Amino acid sequence: MAKSGNTTLRALPEQSAEELSELKQKIRIHRMKILILIFILTGVAIGLLFAAFLYFENKVYTEYEVMEQVERRETEAAEYKEFQGNVLQYTQDGAVYSSITGEVFWNQTYEMESPRITTCEDYLAIYEQGGNRIYIMNTDGQQGTIQTTMPLQRVSIARQGTVAVLMEDSQTSYIHMYDKDGKQLAGGGLHIENSGYPLDLALSMDAQKLAVSMLDITDASVKSTVVFYNYGKVGKNEIDNIVGSYTYDDMMIPSIHFVTNDKLLAFGDTKILIYEGTQKPVVMKEIKNRNQIRSLYYNENYFGLVYDNPDSAKGYLTSIYNMKGRLVLEQKFDLDYTDIGFLQNGLLCIRNEKSVQIYTMRGSKRFEHTFDRSIYDVISGSGQLDYWFIMSGETNRIKLKDDF
């Protein structure tokens, strides 16, 4: 039987207090060096990221690479509009809704000399000023047709296909509301001598609120009134469903728009008005115009105004505001433009027949190029470097690239 071994434990020599203190100091110094190194590396990484951000933010791309090209049959005098990420092409003879790559979803025929399009989320209405027919469409195709007895002046559509229409007959204007099947939901006449002349109307997305801009030129003076109607429970308790009325002297308000369900923009010739309210909209902000507005554009987050450049005989100045009325960007540009507006990626696109400029909301120019064929529309892809250009005879998906 094997004998078990014995283990002898020897006591380590005791360390003095001075040696322990010195050891702790060395550990602290070592840890401090590690922390300093981490701070330095973190600072370098942040600096590199910031430098990369500044480089990308201020980088102006002038070249591109065609990633995909789709031939498209050219239609004479066609106009194009982005709708729910796809392309709506419309002419005097009809409208075609297709994917960017050319897959046709629906084709609607009609006869209109100058068709107009108004949209709200998945729905759109096609009509002609002075005409009597409205086509109610969504992404799946025709959902209804409305035949009016008087000439149409304005049409506004809600997200479920309900439309508000402004019609005119002799000295009386009429405002009616229809569902997508053509059933009249509300309506009434506006006598010019009593109410003034209606310039525009806007229907909220849920079809509960209606705003009308009226112009009164009696008594040798000019004044405008914005009237709000409510067709929900709140409006039923008010005379003629009117829940608010705001009058402004020496001002015309030719354009009004619901940019969200509870926020309306009124573009006057002397000021911009922002109204807000779920039931009874009230004025939240007034912005004085600096000069005569050449163009206006908006999305759900911002709106922009274009003026002549105040510092030069050439070029333009665009002022962009958020929906609280705060100025977020003033950008000068020299492109003799035919179209200006926000892309789906949030950037600003300015273009004419063959040239395009794209700006960030910080005022940096992202892209500038002049093509050798006509541009009909620009649709943003993923990120800030990917775009679809609908051009004469073809559609190109391009990716911006460095010119070296």
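Visitor: Why does Glu 68 count as partly exposed?

Guide: Partly exposed is the band between buried (under 20% relative accessible area) and exposed (over 50%), using a 1.4 Å probe and protein chains only. Glu 68 comes out at 32% relative accessibility, so Glu 68 counts as partly exposed. Before we go on: this is a predicted model, where local features need pLDDT of at least 70 and side-chain atom pairs count only at pLDDT 80 or more, while totals for chains, interfaces and linings use all residues. Residues are numbered from 1 along each chain as its sequence is written, and side-chain values use heavy atoms, with hydrogens and water left out.

Visitor: What makes the contact of Arg 397 and Glu 68 a salt bridge?

Guide: The rule asks for a side-chain nitrogen of Lys or Arg within 4 Å of a carboxyl oxygen of Asp or Glu. For Arg 397 and Glu 68 the N to O distance is 3.7 Å, and the pair is a salt bridge. Arg 397 sits in strand β32 (residues 394–401) and Glu 68 in strand β1 (residues 63–71), so the contact ties together parts 329 residues apart in sequence. Strands here are DSSP runs of E with at least two residues, helices are runs of H or I with at least four, and both are numbered from the N terminus. Arg 397 is also partly exposed, at a relative accessible area of 21%.

Visitor: What phi does Glu 121 have?

Guide: Glu 121 has a positive phi of about 50°, although it is not a glycine. Most residues other than glycine have a negative phi. Gln 84 is another non-glycine with a positive phi, of about 55°. Gln 84 is found in the loop between β2 (79–83) and β3 (86–90).

Visitor: How many salt bridges does a search of the whole structure find?

Guide: The search finds 15. One of them joins Glu 330 and Arg 290, at 2.3 Å from N to O. Glu 330 lies in strand β25 (residues 327–333) and Arg 290 in the loop between β21 and β22, so parts 40 residues apart in sequence are tied together. There is also a network of salt bridges with shared partners, made of Glu 68, Asp 386 and Arg 397.

Visitor: How many disulfides does the count give?

Guide: A disulfide needs a pair of cysteine sulfur atoms within 2.5 Å, and by this rule the count comes to zero. What about the burial of individual cysteines? Cys 120 is at 7% relative accessibility and counts as buried, and Cys 349 is buried as well, at 4%.

Visitor: Why are β18 and β21 said to stand at the edges?

Guide: Two strands pair if DSSP finds at least two bridges between them. Four strands form an open, antiparallel sheet in the order β18-β19-β20-β21. β18 (255–260) and β21 (282–288) each have a single partner strand, so one side of each lacks a neighbour in the sheet. β20 (residues 271–276) and β21 meet the pairing rule with six bridges, in the antiparallel sense.

Visitor: What makes β22 and β23 a pair?

Guide: They share four bridges, in the antiparallel sense. The two strands form a hairpin with three residues between them. Tyr 297 stands opposite Gly 304 in β23.

Visitor: Why is Ile 239 called exposed?

Guide: Its relative accessible area is 70%, so the exposed label applies to Ile 239. Ile 239 is located in the loop between α3 (233–236) and β17 (242–249).
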